[in-house]
Amino acid sequence: MVNIKESNNDVKKEFKVEPIKVYEISNENGVVGYGTINKDDKNLLTVFIREEYRGNGYGKKMFHCLLKSAMDLGYEDVNLMVSNGNVPMIKIIDDVNGFETLKTRDFTKYIVHVGSPFDGVFDCE
């Protein structure tokens, strides 16, 4: 069973950004990753899944939960900067319709205008 909840752990020091909210995703073995909503509006969301658990849908589930949480917090736009080498995250984002993209040599910038097209699509359950 997969569970996502707001984290009570002091994981904020692990991130290079200052998060507003930190979530943890866990399974029967314990915490497998974290997601953050950040104060930095140039890169609003951060997803980290432990390497041994990647490829099992945890990143996608966390990403959807973070989008829902950003909507609930009243964000109108979500901006993301993703390394062009981070193919799994790019696939997760590309599976969500509505993102505008701007590619540079090293990064892809994604912008989505949240709200009505996404209402009810994502949840943290």
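Biologist: How much of the protein chain counts as buried, and what makes a residue buried?

Modeller: Of the 125 residues of the protein chain, 42% count as buried. The word means under 20% relative accessible area; exposed means over 50%, and partly exposed lies in between (1.4 Å probe, protein chains only). The model is predicted, so local features need pLDDT of at least 70 and side-chain atom pairs count only at pLDDT 80 or more, while totals for chains, interfaces and linings use all residues. Residues are numbered from 1 along each chain as its sequence is written, and side-chain values use heavy atoms, with hydrogens and water left out.

Biologist: Which helices and strands does the chain have, and in what pattern?

Modeller: There are two helices and seven strands, in the sequence pattern β-β-β-β-α-β-α-β-β. They are DSSP runs numbered from the N terminus: helices are H or I with at least four residues, strands are E with at least two.

Biologist: Why is Leu80 called buried?

Modeller: Leu80 has a relative accessible area of 3%, and the limit is under 20%, so the label applies. Leu80 sits in strand β5.

Biologist: Which residues touch the most other members of the largest nonpolar core?

Modeller: That core has 27 residues, and Leu45, Phe63, Val78, Leu80, Ile93 and Phe99 touch the most other members. Elements that give two or more residues to this core are β2 (19-27), β3 (30-38), β4, α1, β5, α2 and β7 (107-113). With seven residues, α1 gives the most. A nonpolar core is a set of buried Ala, Val, Leu, Ile, Met, Phe, Trp, Tyr and Cys residues joined through side-chain atoms within 4.5 Å.

Biologist: How do you know that α1 is close to its expected span?

Modeller: The expected span is 1.5 Å times one less than the number of residues. For the 15 residues of α1 this comes to 21 Å, and the helix reaches 21 Å from its first C-alpha to its last. After α1 comes Gly74, whose phi is positive, near 95°.

Biologist: What makes α1 mostly covered?

Modeller: Eleven of its 15 residues are buried. Among them are Tyr58, Met62, Phe63, His64, Leu66 and Leu67.

Biologist: How many aromatic pairs does the structure hold, and what makes Tyr53 and Tyr58 one of them?

Modeller: The structure holds three. Tyr53 and Tyr58 are 6.2 Å centre to centre, with 80° between the planes. The distance is within 6.5 Å and the angle is over 60, so this is an edge-to-face pair. Tyr53 and Tyr58 are both buried.

Definitions and conventions
Phe/Tyr/Trp six-rings, centres within 6.5 Å; stacked < 30°, edge-to-face > 60°.
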